[in-house]
Amino acid sequence: MTILLYVQHLLGIGHLARMSRIAGALARHRLEPVLVTGGVPVPGFPPAGIPHVALPPLKSSEGFRSLFTGDGEAASPAYLAARRDRLVALLHSTKPEALLIEAFPFGRRLMRFELMALLEAARAMQPKPLVAASVRDIVQPLTKTGREAEVLRTLALYFDQVLVHGDPRLVRLADSFPAEAGIKPPLNYTGLVTGGAVAPAAERSAVIVSAGGGAAQGRLCETALAARALTPLADAPWLLITGPNAPDGLVAMLRSRLRDGDAVEPFRSDFPALLAGAQLSISQAGYNTCGDLLQAGCPAVLVPFAAGGEREQTLRAARLAARGLAAVVEEASLDPQRLADAIARAVAGGRTSSAGIDLDGADRTAAAIAEAVGR
């Protein structure tokens with residue numbers, strides 16, 4: 001049973017990481033995933049053994065208003081048309097039993113130029129593949145008039161299923177997409193997609209500071225180092241993970257401020273295992289990071305990304321804080337003293353429990369797709 005998965009990462013790697021985990025779960029369920037990626041290549045993704053097709057890469061600036069090639073040039077109409085044609089040809093050559101599209105139509109509107117062609121091609125195929133939307137539990141609210149209606153219309157016309165990768169006991173899709181009740185295709189909550197339980201890494205760092213993509217990463221790392229002397233873990237080893245898209249010079253600047261036993265790296269593939277052995281995590285509140293924190297039970301301080309009107313991470317951080325699973329510092333008020341106070345609260349609370357939150361979303365997604373195709 002061939003499952004074609006589409007994911008487009010434009011800034012960070014969270015979307016790619018989540019779909020890579022789902023592809024791995026499909027393989028474990030003896031299905032045959034083919035992962036189609038459209039962003040700039042990221043080392044380690046997808047994992048070894050997963051069939052992978054890389055489209056000519058596209059990326060975006062913050063704000064998601066324009067598309068650029070991997071070289072930073074504005075994507076021309078000819079470049080976009082070549083991508084679209086290659087994607088549709090791949091659908092016809094693989095003849096999948098199911099097509100899993102990440103984020104769209106709730107997000108990734110910039111990719112309509114190729115995704116609408118893909119959906120039209122899938123609808124015209126005989127036999128027609130099952131088409132499922134793969135969406136995280138919190139989407140960016142749609143503020144423009146008519147956008148919710150457009151999403152509902154697209155789902156009704158082209159999709160057979162909506163898979164929400166979250167646990168409704170923590171947050172419902174309706175909390176960020178109020179029109180959830182109007183979705184026509186069957187909607188299933190899969191639980192959060194995580195990497196599963198892992199043993200602590202042999203390498204131990206007491207404090208792990210991890211920053212996502214974008215301009216906020218430098219500020220978070222610098223503020224954490226400035227707060228260090230005010231915390232109970234000042235003399236313990238710290239590991240700073242800047243993210244693979246760190247601005248030029250950030251890693252070198254941070255290294256100049258480290259102590260013996262500390263380290264700074266752009267990326268760690270064993271991040272979940274590092275969290276399992278750490279005494280504290282300081283991070284933004286992205287989907288994958290929070291899932292890994294819940295799986296590891298690591299005490300956490302969250303600084304949710306909120307620039308440009310982003311609300312996803314703020315809502316996620318608030319829900320976790322309400323359950324006593326994290327201390328939160330708002331990005332706008334981030335300074336060394338506030339961060340040190342939050343660190344003290346998180347450390348005093350000790351290791352956490354996932355509190356019954358479903359973290360088996362990857363395998364549940366694979367099982368849901370297999371069942372739906374079988375029906």
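This is a predicted model: local features need pLDDT of at least 70, side-chain atom pairs count only at pLDDT 80 or more; totals for chains, interfaces and linings use all residues.
Local features were considered at pLDDT of at least 70 and side-chain atom pairs at pLDDT 80 or more, whereas totals for chains, interfaces and linings use all residues. Residues are numbered from 1 along each chain as its sequence is written, and side-chain values use heavy atoms, without hydrogens or water.

The chain contains eleven helices and 15 strands, assigned as DSSP runs (helices, H or I, at least four residues; strands, E, at least two) and numbered from the N terminus. Its radius of gyration, taken over C-alpha atoms, is 21 Å, which agrees with the value near 21 Å for a compact globule of 375 residues; the globule rule is 2.2 Å times the number of residues to the power 0.38. Along the principal axes, the C-alpha atoms fill a box of roughly 65 × 45 × 45 Å. Of the 375 residues, 53% count as buried (under 20% relative accessible area; exposed is over 50% and partly exposed in between; 1.4 Å probe, protein chains only). The chain exposes about 15,400 Å², of which carbon and sulfur atoms supply 53%; areas come from the Shrake-Rupley method with a 1.4 Å probe, and for residues only the protein chains shown count as cover. Among contacts (heavy atoms within 4.5 Å) between residues at least 6 apart in sequence, 74% join residues at least 24 apart.

In soluble globular proteins, nonpolar side chains tend to be buried together. A nonpolar core is defined here as a set of buried Ala, Val, Leu, Ile, Met, Phe, Trp, Tyr and Cys residues joined through side-chain atoms within 4.5 Å. The largest such core has 54 residues, among which Leu 5, Leu 26, Leu 100, Leu 302 and Leu 320 touch the most other members. Helix H1 (residues 14-28) gives the most to this core, with six residues. Beyond its neighbours within four places in sequence, Leu 26 contacts Ile 3, Leu 5, Leu 31, Pro 33, Ala 366 and Ile 369. A second, separate core comprises 42 residues, including Leu 99, Leu 119, Val 151 and Val 164.

Gly 24 also lies in helix H1 and counts as buried, at 17% relative accessibility. Its C-alpha atom is separated by 10.0 Å from that of Leu 35, eleven residues apart along the chain. Arg 84, in helix H2 (residues 77-94), is partly exposed, with a relative accessible area of 29%. Residues up to four places away in sequence not counted, Arg 84 touches Phe 113, Glu 114 and Ala 117. Arg 84 and His 29 are 55 residues apart in sequence and 30 Å apart in space, C-alpha to C-alpha.
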